[in-house]
Structures are given as structure tokens and as C-alpha cells.
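Morning, everyone. Please have the model open while I talk.

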Amino acid sequence: MALLEIENLSVEFPTQGGIMRAVDDVSLKLDEGEVLGVVGESGSGKSVTMLALMGLIPFPGRVKAKKLSFNGRDLLSMSDRERRKLTGKDVAMIFQEPTTSLNPCFTIGFQLTETLRLHEGMDRKAARRRAIELLEQVGIPSAESRLSAYPHQLSGGMNQRVMIAMAIACNPKLLIADEPTTALDVTIQAQILDLLMTLQKERNMALVMITHNMGVVAETAQRVMVMYAGQIMEERSATDLFASPQHPYTAALLSALPERSEGGRLATIPGVVPGLYDRPRGCLFSPRCAYATEHSRNVRPDLRDWAGGKVRCHYPLGDPNRDAAMKADHPLGTEAAS
Amino acid sequence: MPLRLFSIQDMLRFILTRVSLVIPTFIGITLLAFFLIRLVPGDPIETMAGERGIDVARHEQLKKDFGLDKPLIVQYGYYVERVLHGDLGKSIVTRESVLTEFQSLFPATVELAICAIIFALLLGIPAGIVAAVRRNSIFDHGVMGISLTGYSMPIFWWGLILILVFSVQIGWTPVSGRIDVLYYVEPVTGFLLIDTLFTEDEGAFLSALGHLILPTIVLGTQPLATIARMTRSAMLEVLGEDYIRTAKAKGLSRFRVVGLHALRNALIPVVTVIGLQVGVLFTGAILTETIFSWPGIGKWLIEAIFRRDYPVLQGGLLLVGAIVMSVNLIVDLTYGLINPRIRHNR
Ligand SMILES: Nc1ncnc2c1ncn2[C@@H]1O[C@H](COP(=O)(O)OP(=O)(O)OP(=O)(O)O)[C@@H](O)[C@H]1O
Ligand code: SF4
Ligand SMILES: [Mg+2]
């Protein structure tokens with residue numbers, strides 16, 4: 001049985017201009033101890049998907065799903081109270097901005113022991129002892145004296161370590177790391193990634209690593225989910241995905257990696273992620289896709305099983321009949337890409 | 001990574017900066033108090049003589065006795081010199097020292113102001129929190145509408161309405177004063193709510209309490225409106241912060257997220273506003289005390305204006321100014337205490 005099962009998850013935000021579909025029909029399975037990378041440009045719905053799983057979609061957002069189960073328990077039918085017993089204990093999450101993610105009015109020690117006392121029922125003393133242990137585990141020097149520090153007295157990297165300590169405090173089965181290194185210095189980024197991977201292995205904890213950095217995915221993930229405009233575009237094992245991407249969007253993201261692009265320049269994908277008003281009728285990537293056809297403009301492709309994973313494209317890159325199929329559907333490629 | 005702690009030096013530097021601002025403020029207050037009252041036509045001798053009038057020679061003699069015959073600038077000089085020696089003078093009307101009068105009346109005003117601010121906090125903070133949590137609900141719109149009305153309600157009018165309804169029509173509350181004339185209470189603290197507890201008679205306490213209700217509501221209404229609005233807006237801002245998302249992600253109860261993690265941060269601006277209310281309370285006390293014949297500083301100052309009792313007005317305003325400034329200083333220090341970022345970065 002999978003640790004996490006999400007079927008047909010959608011998240012909508014009513015806005016003044018209409019209903020904004022931030023997550024569109026996302027399905028996902030995750031096993032114990034598995035590391036999943038979630039990639040995609042800004043606004044592709046990576047964070048919102050995971051916030052929905054945590055039950056953290058802010059008002060007035062709406063969450064719909066056919067199934068949302070964790071560790072064999074149905075999150076949809078659970079009371080809020082029951083669900084809060086899971087969040088922060090069995091599923092934990094860390095965020096992009098470590099410094100603003102910690103409460104400026106409370107000490108590190110308070111914020112850390114709070115979780116322990118709530119979920120583990122520890123008394124003040126036991127929680128304090130455990131907090132020191134946790135800070136040591138995440139590599140914070142002179143842990144005991146840090147307990148009385150406030151977040152603004154620590155660097156961003158240190159605060160992210162504190163966030164990690166808080167997240168792993170109750171031995172979660174799943175940790176969601178939402179761009180945990182984006183806000184940090186490059187040297188610190190590597191340290192934090194190392195720390196996360198070490199903890200993941202030691203505890204055999206499932207890890208969802210959200211990032212828009214393909215390099216980070218390559219270093220960490222076993223499986224990768226590529227999101228675009230709220231939809232899953234491609235999903236497969238990391239090795240396969242890097243060796244032979246099947247979706248044109250994945251291919252474009254990969255060619256944006258510095259070491260893959262030609263002439264040392266960072267390639268970027270022309271165009272922007274569709275917003276509320278310019279959401280295409282057909283394939284969401286069609287306005288930016290070099291291979292778009294009349295058909296992909298008008299008909300939205302389904303997410304289908306393909307080459308050991310899943311892909312949402314009429315003409316996956318590895319399809320032997322690709323050229324013929326595209327020709328039959330009136331290619332627009334050169335025009336769309338220019 | 002330097003770990004900076006809250007040091008005594010930081011604290012002293014902060015207090016000194018603040019105190020140095022006090023001097024120009026004081027000069028301003030003495031100038032205002034001194035010259036404004038003299039702009040009002042008439043002088044204390046005329047007012048004391050009343051309708052009977054007074055003959056010119058006696059008038060001149062009295063003016064000379066009080067030193068009112070000298071040029072204004074000289075009078076001001078004498079006045080400042082005396083103030084610097086700690087002498088606020090004597091009331092022209094009662095011949096009682098200004099300081100003594102102030103001391104005997106001050107507790108009444110403080111008691112009223114404390115009750116008013118407690119009333120404002122007890123209602124305003126919860127109302128602001130609930131309005132923020134249920135933003136755009138009927139409750140939110142209701143609270144904000146009422147608070148806007150409360151904020152713009154003229155104290156005089158509001159006081160009279162309450163008296164008419166609750167004292168005159170329904171007869172629930174007394175019309176004026178601090179306590180029923182039946183009771184004599186030995187002043188110990190000067191706060192009747194406390195002093196009446198020392199008397200064996202519980203009727204005295206109830207009477208004092210009953211007399212406080214309407215003035216408290218009248219004086220507390222404006223601060224209540226301000227505090228409710230401020231709490232709501234601070235709360236709304238804080239609820240959108242990343243650390244609130246973290247608190248929820250930890251699985252904390254809604255009550256703990258809002259009442260501890262959010263409120264603690266939202267209180268920082270609210271405390272500043274509470275500090276600013278001290279000035280508002282004194283201003284409001286002048287009108288409130290006059291409406292309810294409350295024997296406090298406000299009523300005293302108003303009477304001093306009518307009697308052209310220059311020393312009382314000058315001394316009284318100076319003392320009130322000093323108190324408002326001290327309270328603001330204390331509030332600023334508290335601000336540092338409740339906001340760790342300020343405490344460490346000053
Ligand atoms: N509270 C909200 N109200 C309205 N729209 C929202 C809200 N939160 C997110 N969205 C929208 O949902 C979409 C997906 O956002 P999301 O934060 O999941 O993107 P992301 O993939 O995590 O991007 P990034 O890499 O920038 O973090 C965005 O277009 C965003 O504007
Ligand atoms: S369906 Fe067409 S437009 Fe969409 S990604 Fe595939 S080739 Fe590009
Ligand atoms: Mg995000």
C-alpha cells in the first residue's frame with residue numbers, strides 16, 4: 001500500500017476576475033521512504049498541491065479530490081481535529097523562507113518544544129532535552145544556548161536548520177520540502193540539501209522535494225513529477241526523465257540547465273505560464289511549445305501511461321510515430337515558438 | 001553570527017534619547033498654557049468679583065498683588081523660573097497649592113481612565129480578533145460599522161444620550177458624581193473602588209461601581225473603537241504571515257494559532273495605540289468629567305478656564321503633559337519588551 005495517495009486533486013481560488021484553478025486534476029502516489037521531486041516554473045501549482053495535502057489552503061480556496069489518503073487513512077472524511085493530529089506529526093513541511101517562517105516573537109526553544117509537547121505529550125523538561133538533541137542532529141552548534149535565541153538572531157541557513165528540526169521532531173513518515181534552499185546562499189544550499197538527504201536516509205522518511213531547479217532534482221529525487229499551470233505534464237523515474245524526457249516542457253526545462261545549454265548561456269523558455277485569462281483551450285503548454293499543432297491547440301491531452309511513467313502530450317518525444325502524427329495535425333511549431 | 005542581547009546600555013541610550021525630546025515638548029506646553037489662557041478676555045479678579053463688579057483702584061491693587069500688572073513676557077519669565085524650582089503656584093481662587101489640589105483630584109481621573117481603558121481593551125481586542133478571523137462576515141461588518149460610529153461620536157452628545165436613557169428613563173444608573181452622598185469614604189488610595197472595600201458597607205462599593213459605569217462607557221468608547229480597528233487590521237496582516245502557516249503546519253489548534261502565535265505579533269502595534277490613547281483619555285476626561293460632575297482633573301481644568309485661574313490651568317496642563325509623556329515612554333519601553341526584534345536591534 002502506498003504511503004500517500006492523491007487522486008484527482010483540484011484547488012481553486014475564487015478571485016475578482018473569476019475562478020483561478022491553481023491545481024488541476026493532480027493524481028499522485030508515494031511509497032514509504034521514496035523521494036519525489038516536483039518541478040515546474042513559478043506559479044505551476046507545486047506549493048498549492050502540497051498545501052492542500054497539509055490542509056493549509058487559505059480561505060477562500062477550495063479543495064476537491066476523489067481520494068486523499070495517507071498511511072491508509074482517508075484525509076477527506078477526517079474531522080479537522082483528527083487531521084491536525086497527523087499534520088506536524090506524520091506529515092511535516094518546511095518552506096522557502098526560513099526566517100519569516102519562524103515566529104519572530106518566540107524563541108527557537110519555544111517553537112521547537114511546542115510541537116513535541118503537542119504531539120508527543122512531553123513535559124517541559126523532556127521536550128527541552130529532545131529539542132537540544134534535534135538541534136544537534138540538524139547540525140546547529142552550541143545547541144543548548146540557541147534555544148533562547150530568536151529567529152532574527154540566526155542566519156537564514158540556521159533558521160532553515162531549525163525549521164528542519166521542527167519538522168522531523170515527531171519522526172514524520174513524510175516530509176515536504178518546499179524550495180528549502182531557494183532563499184539561501186549557494187554554499188549553504190548544498191549543506192541544507194545534504195542534511196535533508198542524510199535525514200531522509202537515516203529515517204527512511206518519504207520526501208517531497210519541491211524546486212524549480214532541475215539540478216537539485218537530479219541530485220536528490222528517485223522519481224520526478226513535472227508540473228505546468230496546475231497540471232502534471234510528466235512523471236517518471238529520475239534516471240529515465242533525465243536520459244530521455246518525453247514531454248516537450250520537460251525537455252525545455254532540462255535544456256535550461258546551465259551544463260546542458262550550449263555556449264554556456266542559460267537557455268530560457270520563451271513565453272510565460274498561462275494565467276487566469278489566457279488559459280488555452282487545448283494543451284496548456286501549446287502557446288509556448290515548439291511542436292504545437294492545430295490539434296494540441298484545440299484538444300487538451302490526457303495524462304496517460306507512457307514509457308514506464310506518465311505524460312500529458314499528444315506527441316511524446318519518444319514516440320516513433322511522432323512525426324507522422326504531428327504532420328497529420330497541422331504543425332504550428334515555428335510560428336508558435338517565434 | 002553575533003548574538004546580540006538586550007543590554008542595559010541599549011536601554012539607557014533609548015531612555016536618554018526619549019527624555020531629550022521631553023524638553024522642547026515642555027517648553028511648548030508652558031508657552032501654550034501661559035499665553036492661550038491670557039488670550040481669553042477677562043482676568044481672574046473680574047471673574048471672582050462676578051456680577052457685583054469691582055472698583056478700578058481695588059482691581060489694580062489686586063492685579064499688582066498677583067503680579068498680573070507686569071508685561072506678559074516678564075510674567076512668563078517668573079512663571080518658568082518658579083516651575084524650574086518645582087513651584088507650580090497657588091490657585092488664585094482657592095489659595096490652595098496647585099500641586100495639592102492636583103494630588104487630591106488626580107486619583108478620581110486615573111480611576112475613571114483605567115476603567116475606561118480596561119473596558120476598551122476587554123471589548124476591543126476580542127472584537128478585533130474575531131472580526132479579523134471572520135473577515136467580511138456580518139460580524140466583521142457589524143463591528144467595523146459600530147466602531148466607526150463610536151469613533152465619530154461626540155463625547156458630550158453620547159454622554160447626554162446615555163444619561164437620558166439609563167439614568168433618567170430607566171433609572172439604572174446615577175446621573176452624576178463618584179458615589180452617593182450617603183457614604184463617607186476615608187481616602188486611602190484615592191480610588192473609590194478600592195477604598196470602599198475597606199469600609200464595612202458593601203453598599204458603598206456598589207454605589208461607587210454604579211457611578212463609574214456610564215462615565216467609563218462614555219470615556220472608553222473612542223479608545224474601544226480605535227483598539228478594535230487596530231487589532232483587526234494588525235491581526236489581518238499577521239494572519240497572512242509565513243509563520244502562521246508554519247504554526248498551522250505544526251498541527252496546532254486554531255485557538256492556539258490565533259490566540260498565541262498571531263495575537264502576540266498583532267499586539268505589538270496595538271500596544272503603541274494603547275499608549276497613544278492616554279492623551280485621548282485625558283482630553284476625553286475633561287468632557288466626560290464635566291458631563292458627569294466627576295470630581296477629577298478634567299472638571300478642575302474646565303473650571304479653572306471659567307474662573308481664569310491662571311496658575312491652576314498652567315500647572316495642571318504641565319502636570320497632565322508630564323504624565324502623558326511618561327506613560328508614552330513606558331509604553332515605548334514595553335514595546336521593546338514585547339517585540340524582540342526592536343529589543344535587539346536598537
Ligand atoms: N491564496 C491564494 N489566492 C489566490 N491565488 C493563489 C493563492 N495561492 C496560490 N495562488 C495561485 O496559485 C497558483 C499556483 O501557485 P503555487 O504557489 O502553487 O506555485 P508554485 O509552483 O509553488 O510557484 P513558486 O515556484 O513560485 O513557488 C499561482 O498562480 C498563484 O497565483
Ligand atoms: S500536446 Fe502539443 S502543444 Fe502540448 S506539449 Fe505536446 S506537442 Fe506541445
Ligand atoms: Mg511555491
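Ground rules. This is a predicted model, where local features need pLDDT of at least 70, side-chain atom pairs count only at pLDDT 80 or more, and totals for chains, interfaces and linings use all residues. Residues are numbered from 1 along each chain as its sequence is written, chains are lettered from A and ligands numbered from 1 in the order in which they are written, and side-chain values use heavy atoms, with hydrogens and water left out.

Chain A. It has 14 helices and 13 strands. These are DSSP runs, numbered from the N terminus: helices are H or I with at least four residues, strands are E with at least two. The radius of gyration, taken over C-alpha atoms, comes against a globule rule of 2.2 Å times the number of residues to the power 0.38. Chain A has 21 Å, close to the 20 Å that the rule gives for 338 residues, so it is as compact as a globular protein of that length. Its C-alpha trace spans about 70 × 50 × 40 Å along the principal axes.

Of the 338 residues in chain A, 55% are buried. Buried means under 20% relative accessible area, exposed over 50%, partly exposed in between, with a 1.4 Å probe and protein chains only. The chain exposes about 14700 Å², and carbon and sulfur atoms supply 50% of that. Areas come from the Shrake-Rupley method with a 1.4 Å probe; for residues, only the protein chains shown count as cover.

Look at helix α1 of chain A, residues 46–54. Eight of its nine residues are buried, including A:Lys46, A:Met50 and A:Leu53. Just after α1(A), A:Gly55 takes a positive phi of about 75 degrees. In the loop between α1 and β4 (62–64) of chain A sits A:Pro60. The peptide bond from A:Phe59 to A:Pro60 is cis, with omega near 5 degrees. Most peptide bonds are trans, and most residues other than glycine have a negative phi.

Chain B. It has 14 helices and zero strands. Its trace spans about 85 × 60 × 40 Å along the principal axes. Buried residues make up 45% of its 346 residues. It exposes about 18100 Å², with 68% supplied by carbon and sulfur atoms.

How do α5(B) and α12(B) pack: parallel, antiparallel, perpendicular or oblique? Helix α5 (residues 98–133) and helix α12 (residues 297–306) of chain B meet at about 135 degrees, with axes 8 Å apart. They are therefore oblique to each other. Among the residues in this contact are B:Phe102 and B:Leu105 of α5(B) and B:Trp300 of α12(B). Contact means heavy atoms within 4.5 Å.

Next, B:Gly275, in helix α11 (residues 254–291) of chain B. It is buried, at 2% relative accessible area. B:Gly275 and B:Val327 lie 52 residues apart in sequence, yet 6.9 Å apart in space, C-alpha to C-alpha. Beyond neighbours within four places in sequence, B:Gly275 contacts B:Asn328 and B:Val331.

Last, two arginines. B:Arg95 has a positive phi near 65 degrees. It sits in the loop between α4 (72–84) and α5 of chain B. B:Arg308 also has a positive phi, about 50 degrees, in the loop between α12 and α13 (310–338) of chain B. Which is buried, and which partly exposed? B:Arg95 is partly exposed at 48% relative accessibility, while B:Arg308 is buried at 16%.

How values were computed: Axes are lines fitted to C-alpha atoms, for helices over the stretch in contact, and angles run from 0 to 180 degrees between N-to-C directions. Angles under 35 degrees count as roughly parallel, over 145 as roughly antiparallel, 65 to 115 as roughly perpendicular and the rest as oblique.
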